[in-house]
Amino acid sequence: MTTIPATDSWFKRTARSIHIPPVYFFLIVVFLVSGILDQVMADGQIFTNPAIMLNIVVRSVALGIVAVGQTLVILGASIDLSVAYTISITAVMSSYLMQGETANLPWAIPAVFVIGIGIGLVNGLVITKLKVNPFIATLGMSLIIKGIINATFSNYTGSVPKSFEYFGYGTIGSIPVSIIIMLLVFVLGWFLLARTKFGAHLYGVGGNAEVARLSGVRTDRVLIGAHILCSMTAILAGLFLVSQMRSGAPWVGPNGIYDLNSIATTVIGGTALSGGKGGVWGTLAGVLIFGILDTTFNQLGVNPYLKMVFRGAIIVLAVASYTIRSKKEAA
């Protein structure tokens with residue numbers, strides 16, 4: 001049970017009691033600074049236009065969904081660099097299989113999820129059974145998928161039926177369906193980590209795989225499961241993107257930099273790259289920070305290359321602040 005020092009301020013005691021990930025305070029700072037810059041240097045709509053706020057969240061949906069899966073594998077002290085091309089192969093294959101016909105949905109969607117399960121299974125087996133470094137294993141898988149896609153598809157292929165576009169553009173009341181689905185994925189990720197044996201074992205594997213193995217945990221199965229779940233979130237993100245684009249294209253995954261961005265938002269959210277520490281709610285804040293920054297940069301007309309510089313600097317600052325905070329807590 002966590003003890004709260006009596007000398008801490010009321011604010012710190014309250015924040016600790018409700019277990020708010022520290023990154024949410026960083027999220028508030030980013031939002032306020034972005035809004036002020038928008039007021040001073042642009043049209044000031046970030047604070048005044050609800051549609052812009054809603055658009056920030058919608059633009060974060062694909063990254064948010066795949067970041068949940070990335071959080072799972074990083075908690076297990078692994079990583080997945082193949083998610084970007086898993087998204088691409090989902091986009092082109094689902095569009096190719098659907099061919100604009102609603103009647104094809106019942107088998108086209110399961111078919112791409114089977115592809116995702118296969119990718120995650122191979123990643124997990126190569127890492128656990130062949131003892132290949134996760135970075136190299138998933139990078140190799142990424143190159144394999146890239147080769148297959150580029151040899152098979154040149155650009156847009158097939159189309160999705162109108163009914164499937166509901167995923168990307170539909171609303172329930174005033175809330176976009178895509179936001180509801182993203183939040184459900186986060187809730188499922190939280191439930192898996194906080195309320196199931198698999199989640200407890202995953203934290204154990206990430207914290208110390210050898211200790212977990214000696215404690216009776218089947219570490220290989222846990223890590224393979226995490227990689228399969230990660231690939232499935234990439235499949236879902238790919239389905240969301242193709243529903244918005246109405247047709248699949250092989251560049252959709254790498255152009256979105258979903259591999260590196262999902263890792264960055266997970267780390268910004270407080271999940272340790274060494275594994276065993278973190279959770280999905282911090283990742284949600286990391287995803288929203290990226291969404292706010294992208295919108296603010298667009299509002300201010302910042303050069304795309306300069307955006308990358310700012311984004312990189314913010315990632316370094318966020319990770320550095322966590323490192324300093326962890327050292328203070330350990331002292």
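## Ser 88, a buried residue

In this predicted model, Ser 88 has a relative accessible area of 0% and is therefore buried, the cut-off for that class being under 20%. Ser 88 belongs to helix α6.

When neighbours within four places in sequence are set aside, the contacts of Ser 88 are Ile 149, Ala 249, Pro 250, Trp 251, Val 252, Gly 253 and Pro 254. Of these, Ile 149 is also one of the residues through which helix α8 touches α6.

## Helices α6 and α8

Two packed helices are described by the angle between their axes and the distance between the axes. Helix α6 covers residues 83-98 and helix α8 covers residues 134-152; their axes come within 8 Å and cross at roughly 30°. Since angles under 35 degrees count as roughly parallel, α6 and α8 are therefore roughly parallel to each other. Their crossing is left-handed.

On the α6 side, the contact is formed by Tyr 85, Thr 86, Ser 88 and Ile 89, and on the α8 side by Ser 142, Ile 145, Lys 146 and Ile 149. Sorted by class, the residues of this contact are 4 nonpolar, 3 polar and 1 charged. An α-helix has 3.6 residues a turn, so residues three or four places apart point the same way.

## Helices α5 and α15

The crossing of α5 with α15 is right-handed.

Helix α5 contributes Ala 62, Leu 63, Val 66, Ala 67, Gln 70, Thr 71 and Ile 74 to the contact, while α15 contributes Tyr 258, Asp 259, Asn 261, Ser 262, Ile 263, Thr 265 and Thr 266. The contact of α5 with α15 comprises 7 nonpolar, 6 polar and 1 charged residues.

## Helix α13

Helix α13 spans residues 219-245 and contains 27 residues. From its first C-alpha to its last, α13 reaches 39 Å, close to the 39 Å expected at 1.5 Å a residue.

Most of α13 is covered, with 21 of its 27 residues buried. Arg 246 follows α13 and has a positive phi, near 70°.

Notes:
Residues numbered from 1 in each chain as written. Predicted model: local features only at pLDDT ≥ 70, side-chain atom pairs only at ≥ 80, totals over all residues. Heavy atoms only, no water. Axes fitted to C-alpha atoms, helices over the stretch in contact; angles between N-to-C directions. Helix = DSSP H or I, 4+ residues; strand = E, 2+ residues; numbered from the N terminus. Parallel < 35°, antiparallel > 145°, perpendicular 65-115°, else oblique. Left-handed = near helix turned anticlockwise from the far one by under 90°. Contact = heavy atoms within 4.5 Å. Nonpolar A, V, L, I, M, F, W, Y, C, P; charged D, E, K, R; others polar. Expected span 1.5 Å × (residues − 1). Buried < 20%, exposed > 50% of the residue type's maximum accessible area, 1.4 Å probe, protein only.
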